[in-house]
Amino acid sequence: MSTTEDYLPPDQTSLFEPLRSDLRESYSRRDGLRFGRIFSEISARLSALKTAPTGNVLLQTMRAWGSQGIPKMVLSRILDECYQRCVGPHVAQLTGATESEAYGELTLPILYEMFIAARLTSDCLFMDLGCGVGTATAQASLQTGCRSYGIEKRSAAFEIAKTLQAELKIRCKMWGLKPGDMTLELGDMLFSTQLKQLVRQADVILVNNYVFLPELSQAVCRILSTGLKDGARVITLSPLGFSVHSQASRSQVDRFPENIPFCITKHICPPGSFSWSATDGWYYLHEFTDSHRGESDDFLRRQRLPSHMMARYL
Ligand SMILES: C[S@@+](CC[C@H](N)C(=O)[O-])C[C@H]1O[C@@H](n2cnc3c(N)ncnc32)[C@H](O)[C@@H]1O
């Protein structure tokens with residue numbers, strides 16, 4: 001119910017406050033009858049707000065969000081509802097894969113920060129390469145209203161992503177919101193014609209490459225270095241072209257801004273950013289600069305990798 005603070009005008013929030021504590025109390029006392037009565041009362045009051053003589057108060061509140069966009073609490077509520085219905089019951093289907101296809105998710109708070117840092121806005125195209133169950137594409141389109149595209153190789157994850165997307169559309173309608181257009185593709189990011197076309201228009205691309213094998217990481221790096229438009233931003237968990245399997249030397253990775261066609265900044269991910277770990281970590285924001293186009297292959301060759309890694313890179 002804390003969503004009411006964002007979704008209702010301030011004078012109404014205080015009117016709902018006593019009902020909110022009554023609802024909690026009846027829940028903790030397991031008083032089903034009272035809980036039902038209070039719930040009906042809340043529903044009736046919300047319906048009355050929608051048909052108020054001055055117009056739909058809920059819609060008016062949303063319009064007042066204006067350029068600030070959807071409040072984080074409302075965003076979180078809607079995405080949580082979708083996740084619980086569409087992903088939660090099927091999580092077991094996602095386990096078992098290894099290496100590049102191992103499943104893990106970035107959580108809502110870190111995606112929220114990443115989208116702000118990458119300047120994702122409603123006129124952008126956002127792409128998620130290896131979109132899993134589609135949480136990042138859904139959040140991007142809801143948080144900013146941007147167009148989003150996600151590609152996923154594993155059919156189990158892709159099917160869940162489709163249901164999540166359908167659920168988001170339904171929930172947005174209930175809340176009176178309109179997310180940006182969302183497209184999902186089942187396929188391999190290295191061989192998708194649609195992806196290659198869209199990459200040219202993309203403003204922000206997410207590649208959660210944390211466990212990608214070096215071959216996949218480098219192939220993605222090549223696709224992006226040749227296809228991106230000037231100023232496009234790429235968010236990764238390992239610097240582009242690297243993966244945990246290849247990060248034998250962290251200091252090398254931290255030196256590489258001089259050598260590739262991207263300006264790179266390194267950002268902290270606080271604990272709670274990843275579904276697979278409770279600790280903190282990093283993400284990398286690359287900004288593509290056209291003047292350095294074509295340098296990525298050179299960069300990959302020039303890295304002084306430990307000898308046991310060399311063969312994989314050349
Ligand atoms: C760690 S998950 C990331 C999910 C989501 N992007 C996120 O960050 O929350 C990586 C996903 O990439 C997918 N993947 C790996 N290789 C791929 C490929 N060649 N083409 C498309 N998807 C791939 C995996 O199946 C997996 O679902």
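Biologist: Strand 1 first. Which residues lie on each side of strand 1, and are they buried or exposed?
Modeller: Leu125, Met127 and Leu129 are on one side of strand 1, with Phe126 and Asp128 on the other, and all are buried. This is a predicted model, to be clear.

Biologist: Why call strand 1 largely enclosed?
Modeller: Because 5 of the 5 residues of strand 1 are buried, the rest of the structure largely encloses it.

Biologist: In what sense does strand 1 pair with strand 2, and over how many bridges?
Modeller: Parallel, over 5 bridges. Leu125 stands opposite Arg147 in strand 2. Together with helix 7, the two strands make a right-handed β-α-β unit.

Biologist: What joins strand 1 to strand 4?
Modeller: 3 bridges, and strand 1 (residues 125-129) and strand 4 run parallel. The bridge partner of Asp128 in strand 4 is Leu206.

Biologist: Zoom out. What is the strand order in the sheet?
Modeller: The order is 3-2-1-4-5-7-6, in an open sheet of 7 strands with mixed pairing. Strand 3 (182-186) and strand 6 (262-269) stand at the edges; each has a single partner strand, so one side of each is left without a neighbour in the sheet. On average, neighbouring strands are turned by 15° against each other, direction ignored.

Biologist: Which strands does helix 8 touch?
Modeller: Helix 8 (residues 155-175) packs on the sheet and touches strand 2 and strand 3. The direction of helix 8 makes about 160° with that of strand 3.

Biologist: Back to strand 4. Where does Ile205 sit, and why does Ile205 count as buried?
Modeller: Ile205 is in strand 4. Ile205 counts as buried because it has 28 C-beta neighbours inside 10 Å, where the cut-off is 20 or more.

Biologist: What is Ile205 in contact with, leaving aside neighbours within four places in sequence?
Modeller: Met127, Leu129, Leu224, Ala232 and Val234. Phe126 is 79 residues from Ile205 along the chain, and their C-alpha atoms are separated by 5.7 Å.

Biologist: What about strand 5: how many bridges to strand 4, and how many to strand 7?
Modeller: 4 bridges join strand 5 to strand 4 (residues 204-207), running parallel. Another 4 bridges join strand 5 to strand 7 (residues 281-288), and that pair runs antiparallel.

Biologist: Which way do the residues of strand 5 point?
Modeller: Arg233 and Ile235 point one way, Val234 and Thr236 the other, and all are buried. Strand 5 also belongs to a right-handed β-α-β unit with strand 4 and helix 10 (residues 214-227).

Biologist: Changing topic: the ligand. How many residues surround the ligand, and which are the closest?
Modeller: 23 residues surround the ligand, and the closest are Gly130, Gly132, Lys153, Met189 and Asn208. Helix 7 (135-144) and strand 2 (147-152) are the elements giving two or more residues to that shell.

Biologist: How does the shell split by class?
Modeller: The shell has 10 nonpolar, 6 polar and 7 charged residues.

Biologist: Last bit, the whole chain. How many helices and strands, and how many residues count as buried?
Modeller: There are 13 helices and 7 strands. Of the 314 residues, 34% count as buried. Among contacts with a separation of 6 or more, 71% are between residues 24 or more positions apart.

Note on methods
Residues numbered from 1 in each chain as written. Predicted model: local features only at pLDDT ≥ 70, side-chain atom pairs only at ≥ 80, totals over all residues. Near = placed C-beta within 6 Å. Nonpolar A, V, L, I, M, F, W, Y, C, P; charged D, E, K, R; others polar. Buried ≥ 20, exposed ≤ 12 C-beta atoms within 10 Å, placed from the backbone. Pairing = 2+ DSSP bridges. Right-handed = clockwise from strand over helix to strand, strands pointing away. Contact = placed C-beta atoms within 7 Å. Axes fitted to C-alpha atoms, helices over the stretch in contact; angles between N-to-C directions.
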